[in-house]
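Thanks for asking me to look over this one.

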Number of protein chains: 2
Amino acid sequence: MADEVAVLGFNLSMFDIRVRIALTEKGVKYEYKEEDLVNTKSALLLQMNPIHKKVPVLIHNGKPICESLIIVEYIDEVWKEKAPLLPTDPYQRAQARFWAKFVDDKVHEVAKRIWTGKVGEHEADKKELIENLKHLEDFLGDKSYFGGDKFGFVDIALIPFYKWFSSYEKVGNFKLDCPKIILWGERCLKNVESVSKFLSHEKDVYEFVQMYRKMTGMD
Amino acid sequence: MADEVAVLGFNLSMFDIRVRIALTEKGVKYEYKEEDLVNTKSALLLQMNPIHKKVPVLIHNGKPICESLIIVEYIDEVWKEKAPLLPTDPYQRAQARFWAKFVDDKVHEVAKRIWTGKVGEHEADKKELIENLKHLEDFLGDKSYFGGDKFGFVDIALIPFYKWFSSYEKVGNFKLDCPKIILWGERCLKNVESVSKFLSHEKDVYEFVQMYRKMTGMD
C-alpha cells in the first residue's frame with residue numbers, strides 16, 4: 001500500500017514550511033490542506049491535534065504527528081534513504097537539535113514579541129534578537145549550511161524565518177545585522193529547490209503582519 | 001580509553017535530575033559537579049554552555065551537550081545497548097518527543113508562573129496546569145509507564161516535577177487533581193532505583209521555593 005501523507009497547514013506559517021520543505025527534500029508526495037486560521041479551525045485539525053489545535057500536522061497513514069521539529073525528525077526517520085536531514089553522529093545530532101531548538105526559543109519567540117507587540121516597547125528584544133542571530137552566525141562559521149556541505153535539519157528550522165526578517169525590521173524600526181545569515185539564506189534559495197518553492201514572499205509576510213497587528217489593536 | 005563523563009548540575013533542578021536518572025539507567029559512571037547558581041556560575045559552566053549559561057551540561061570526553069531532553073536523547077544514542085529510553089518505532093518516537101516537549105512547555109512553564117508569581121494572580125494558570133496534567137493522564141491511560149511496560153523518555157521528562165507538585169499547591173493555594181499521575185509517580189519511585197535515588201524531597205523543594213520567592217520579593 002502506498003503511503004498516504006497529508007499536511008494540515010497555513011501557507012505563511014514558518015512551521016508549516018519546515019514540513020513541506022522536508023517532505024519535498026525526501027521526494028514524498030503529500031496532499032496539502034490549508035487551514036483558515038483567521039476564521040475557523042477545521043474539524044480535522046481539532047481531531048488530529050486536539051492538544052494544541054495548531055498547524056502543522058502531518059498525517060501519515062491516518063496517524064497525526066504534531067510540532068514541526070518533531071515532524072521533521074519523524075520524516076527523516078521514516079524516509080531515511082534519501083536526503084538525510086540529521087547527521088548520524090550522536091554529538092552532531094545533539095548539536096543540530098540544540099540549534100533548531102535555539103531557533104524556536106531564541107529567534108522565533110523573541111521576534112514574535114517584536115512583531116506582535118507595541119511599537120517602541122521592545123528595545124531589549126531587538127538587542128537580544130541581533131545577539132541571537134550572531135550566535136547562529138558563529139555556529140554557521142564558514143560552512144555552506146549549518147550541518148556542513150549539505151542542507152539539513154538546522155537549515156530547515158531557520159530558513160522559513162528568513163523572509164520575515166524585513167517585517168521584524170519594519171515593525172521594530174531597527175536593522176538586523178547578520179551578513180552571514182543573509183548569504184546563507186540566499187544560498188538556500190539558490191541551491192535548494194524546495195526552499196525557493198515554499199518560502200514566503202516578504203510582501204505577503206508584511207501584509208499578514210499588518211493585518212494581524214490591526215486585528216489585535218497594535219496598529 | 002574509558003569514557004570521561006561529567007554533569008554540571010544543580011541538585012534541585014528538574015532538568016539536571018533527568019540527566020542523572022538517564023545516565024544511571026544506562027549504568028554510566030560520571031562525575032557530578034554541583035553549581036552554586038545562587039551566588040556565582042563557574043568558569044567551566046560559562047565555557048561549556050556559553051549560549052544559555054545554564055545547567056545541566058553533560059560533558060562527554062571534553063565535549064559539552066546542553067538542554068536536558070537533548071542530553072537524554074544523546075545518552076540514549078551513545079549508550080544504546082542498555083535500557084533503551086526512546087522507542088524504536090518512528091511514530092512512537094514522535095509521540096514520546098511530543099509529550100516530553102509538552103512537559104516542558106505546558107507543565108513546567110505554566111507551573112513556574114504559579115510558583116514564581118504573585119499570590120492570587122494565577123487563576124488561569126492553575127486551571128491550565130490541572131487540564132495539562134489531565135492530558136498527560138489521558139496519554140498514560142492504563143499503561144504502567146508513558147511508553148508502556150518500561151520506564152522511558154517521557155517518564156524521565158516528567159518524574160522530576162512530581163516532587164514539586166506540593167509546592168505548586170502550597171504557593172497557589174489550590175489542589176492538583178491527577179490521581180493517575182500520583183500512582184505513576186509512586187510506581188516510578190518504588191520500581192526505578194535511579195528515581196528514588198535522585199528525586200528531590202518535597203521539603204527541600206518547598207524550602208528552595210520559599211527562599212527563591214523571598215529573594216525575588218514575591219513573599
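The points below take the sheet, a helix, the chain contact and some backbone details in turn.

1. **Ground rules.** This is a predicted model, in which local features need pLDDT of at least 70, side-chain atom pairs count only at pLDDT 80 or more, and totals for chains, interfaces and linings use all residues. Residues are numbered from 1 along each chain as its sequence is written, chains are lettered from A and ligands numbered from 1 in the order in which they are written, and side-chain values use heavy atoms, with hydrogens and water left out.

2. **The sheet of chain A.** Chain A has an open sheet of four strands, in the order β2-β1-β3-β4, with mixed pairing. The edges are taken by β2 (31–34) and β4 (63–66) of chain A, each with a single partner strand, so one side of each has no neighbour in the sheet. Neighbouring strands are turned against each other by 20° on average, direction ignored. On terms: helices (H or I, at least four residues) and strands (E, at least two) are DSSP runs numbered from the N terminus, and two strands pair if DSSP finds at least two bridges between them.

3. **Inside that sheet.** Strands β1 (residues 5–9) and β3 (residues 57–60) of chain A pair in the antiparallel sense over four bridges. Within this pair, V7(A) sits opposite L58(A) of β3(A). Helix α1 (residues 14–26) of chain A packs on the sheet and touches β1, β2 and β3 of chain A, its direction making about 155° with that of β1(A). Contact means heavy atoms within 4.5 Å; axes are lines fitted to C-alpha atoms, for helices over the stretch in contact, and angles run from 0 to 180 degrees between N-to-C directions.

4. **Helix α5 of chain A.**

5. Buried residues of α5(A) include L129(A), L133(A), L136(A), F139(A) and L140(A), along with the charged D125(A), K126(A) and E137(A). Buried means under 20% relative accessible area, exposed over 50%, and partly exposed in between (1.4 Å probe, protein chains only); the arc is that of the directions from the helix axis to the C-beta atoms. The buried residues of α5(A) pack against α4 (90–116), α6 (153–162), α7 (165–172) and α8 (179–191) of chain A. Just after α5(A), G141(A) takes a positive phi of about 55°.

6. **Where the chains meet.** Contact between the chains involves 23 residues of chain A and 23 residues of chain B. About 2,300 Å² is buried between chain A and chain B, and carbon and sulfur atoms give 71% of this area. I51(A), Y91(A) and F98(A) supply 26% of the area that chain A buries against chain B, more than any other three residues. Buried area here is the accessible area (1.4 Å probe) that two parts lose on being put together, summed over both.

7. **Strand β1 of chain B.** Five of the five residues of β1 (residues 5–9) of chain B are buried, so this strand is largely enclosed by the rest of the structure. V5(B), V7(B) and G9(B) lie on one side and A6(B) and L8(B) on the other, and both faces are covered. With β3 (residues 57–60) of chain B, β1(B) pairs in the antiparallel sense over four bridges, and A6(B) stands opposite I59(B). With β2 (residues 31–34) of chain B, the pairing of β1(B) is parallel, over four bridges, and Y32(B) is the bridge partner of V7(B).

8. **Cis peptide bonds.** In chain A, the peptide bond from V55(A) to P56(A) is cis, with omega near -5°. P56(A) belongs to the loop between α2 (43–48) and β3 of chain A. In chain B, the bond from V55(B) to P56(B) is cis, with omega near -5°, and P56(B) is in the loop between α2 (43–48) and β3 of chain B. As background, most residues other than glycine have a negative phi, and most peptide bonds are trans.

9. A83(B) lies in the loop between α3 (68–78) and α4 (90–116) of chain B and is partly exposed at 28% relative accessibility.
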